[in-house]
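Please keep the sequence and the structure in view while reading.

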Amino acid sequence: MRHTARASSLDTVTGSRYDRVLLVFSDIEMGSGGDIDDFPHTPFLGELLSSYLDGPLSEKPIDFVFNGDTFDLLKTPYGGTYPHHITSDVALAKVASISGRHPKFFEAIRDIVNHPSGNKSVHFIVGNHDVELLFPEVQDFLKVLGGGNDRILFHGFEMSLGKIHIEHGSQLDPLFHIDPDKAFVQVGGKRMLNISWAMVALLDVYMPLHPILYLYDRLCPKELLLQLLPEVKDLLLAKGWRYWSKDFWRELLFIKDPLLKFNWTVLKETMKRFTTSNPNVYLNKKRLKKILDSKPAELFIIGHLHEQGSYYHGKKRLLQSGCIRDEYFISDDGKTFTPKLKSFYEVFLKDQHVVGITGRELQGPARPPESFPDSIFDMVPKVKELLGEFEDLKRMEKQQEKQEKKEQAQGKDGNLVPELVEPADTGPDEPENNSSG
Ligand SMILES: [Fe+2]
C-alpha cells in the first residue's frame, strides 16, 4: 500500500513555489536482524522513500538526507563480540551484516539515484551509532549497494546545503564527541576508529548484555522503567565496576590501548545514560549555541535526541528531526507498550531559502508478535541469574562510592579523566513549541 500522506502535506505548504525539497531522516538504527534489531521495517521505509519519486514531486530536485545513526553498527556484533578496535575490516563485516538484512532500503536508494529526472541525491551523515561510515572502504561498499551512483554522498559529521546546516547532534554530546581531525588512530600498526570513551565503555560493558537487555533501551519513560526494574541498574553497575576495577587496567597497562581513556565516574555515567537515567542523550548547550551563532545558516537540523522539535534562536531556526527506529511508551506497570510515531522533516526551498517546513509523524508497522515480550519482566529471571555472580553488591557499592570521591578530588588532574560536562537543556532557547513548524 502506498503512503498517501505526502500529497496532503504538500497541500499545506507553498504549492509550486518551491524548487527543491530536502527530506531529513535520523536515527533509523537498522540493525543486523532478529529480535534485537531496533528497526526491522525497511520494506515500510523503502516504500516511504519511493513515495517521493512519483506524483507532484517527481520532477523536483530532492535531497534525501540520512542524518546519522542510519545503521546501528554500535549494536552489531562482529564474530559474536563487540570489539572497540574497529578497523575497516571489522566495519565492513558489520555493514555487510546489516545490509544483508535490509535489502529494501538499498533498493529504494537505487531507485532514488537512478530516477529518470537525474536530480535526486542521497546524503549520509555520521552519527554515534555509525561512525564506521568514516571509512572510505565502507563508503565504497555502500555506494556499490546503492547502484554505484555518484549521487550517493558521504559528508562526515555535518553537511551544508545553501543556508541549511545539518548534523546528527552527537558531536554536541560530551559522551560521544569525536575530534574530526583525529577520527582514526594507529593501534598495533593498524588503522582504527578513534571512538569516544563512552562508545568504548558501551562496547566493552553494555553490548555483551544487549541480547538480554535490548528491549529496555527502546522504552520510555526511563524513570518508570527504573522504578520497575532496579535489578537492571544493579547488574549494569556491577558489570561496569568489575570491568573497570579489573579488565580495564589489564588492557591499559599491558596492552597499552590508547582508546581506554575513561575512569569509573564516566563509565558509571555512561551506564546510567543508557539504562536508567533521563534523558538518554543530551546536547552541550554552550556548544550548540556556538554553532548556531557562528555558522551563517538560517536553518539547523539535528537528530540524536529521538524527539521531534522546533525552536528559535533569534531568527535562526533549529529542528530536531526525531527518530525512525522502534520506541514505545510503557504503561500498566510495564505490561502495555504503545508505539511512538516515527518522525522526520520535509523542507521546501526556493532559491536556497526555506519557504516551507513540514514535520511528518507516522505510525510504523507492528513487530511480529513473537518477537515482542509479554511484559518488561520477561527478562528479569535472566538478569537476576547474572546478578547472582556478584555476591557482595553492598561492598561493591561502597568501593564505587570511595572511587568516585577519589576521582572527584583528583578533578581535572586525574591523568585518565576526560572532563564530564553537566547535562544541558536540549534547545538553545526556551522551546516555542514542540511540534513541527
Ligand atoms: Fe545518536
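## The hairpin of E15 and E16

Strands E15 and E16 form a hairpin with 2 residues between them, and aspartate 351 in the turn has a positive phi of about 50 degrees. The model is a predicted one, in which local features need pLDDT of at least 70 and side-chain atom pairs count only at pLDDT 80 or more, while totals for chains, interfaces and linings use all residues. Residues are numbered from 1 along each chain as its sequence is written. Helices (H or I, at least four residues) and strands (E, at least two) are DSSP runs, numbered from the N terminus.

E15 and strand E16 (residues 353-362) run antiparallel and are joined by 9 bridges; two strands count as paired if DSSP finds at least two bridges between them. Within this pairing, lysine 350 stands opposite histidine 353 in E16.

Valine 347 lies in strand E15 (residues 342-350). Is valine 347 buried or exposed? Valine 347 is buried, because 25 other C-beta atoms lie within 10 Å. The cut-offs are 20 or more other C-beta atoms within 10 Å of a residue's own for buried, 12 or fewer for exposed, and partly exposed in between, with C-beta atoms placed from the backbone. Valine 347 touches Leu22, Val24, Val354 and Ile357, not counting residues up to four places away in sequence; a contact requires C-beta atoms, placed from the backbone, within 7 Å. The C-alpha atoms of valine 347 and valine 24 are separated by 8.1 Å, although these residues are 323 residues apart along the chain.

Axes are lines fitted to C-alpha atoms, for helices over the stretch in contact, and angles run from 0 to 180 degrees between N-to-C directions.

Phenylalanine 154 in E4 is the bridge partner of phenylalanine 124.

## The sheet of five strands

An open sheet is formed by 5 strands in the order E5-E6-E10-E12-E11, and its pairing is mixed. Strand E5 (158-161) and strand E11 (308-313) are at the edges, each with a single partner strand, so one side of each is left without a neighbour in the sheet. The twist from one strand to the next averages 15 degrees.

E5 and E6 run antiparallel and share 4 bridges, with glutamate 158 opposite glutamate 167 in E6. Strand E6 (residues 164-167) is parallel to E10 and joined to it by 3 bridges; here isoleucine 164 stands opposite leucine 299 in E10. E10 also pairs in the parallel sense with strand E12 (residues 316-321), over 4 bridges, and isoleucine 302 stands opposite glutamine 320 in E12.

In a regular strand the side chains alternate between the two faces of the sheet. In strand E10 (residues 299-302), Leu299 and Ile301 point one way and Phe300 and Ile302 the other way, and all are buried.

## Helices

The axes of helix H2 (residues 42-50) and helix H4 (residues 103-113) come within 8 Å and cross at roughly 15 degrees. H2 and H4 are therefore roughly parallel to each other; angles under 35 degrees count as roughly parallel, over 145 as roughly antiparallel, 65 to 115 as roughly perpendicular and the rest as oblique. Helix H3 (residues 88-99) and helix H5 (residues 136-145) pack at about 25 degrees, with their axes 9 Å apart, and are therefore also roughly parallel to each other. Among the residues in contact, Ala91, Leu92 and Val95 in H3 meet residues of H5 including Val138, Phe141 and Leu142.

Helix H6 (residues 197-206) has 10 of its 10 residues buried, so it is largely enclosed by the rest of the structure. Its buried residues include Trp197, Met199, Asp204 and Tyr206.

Note on methods
Two residues are in contact if their C-beta atoms, placed from the backbone, lie within 7 Å.
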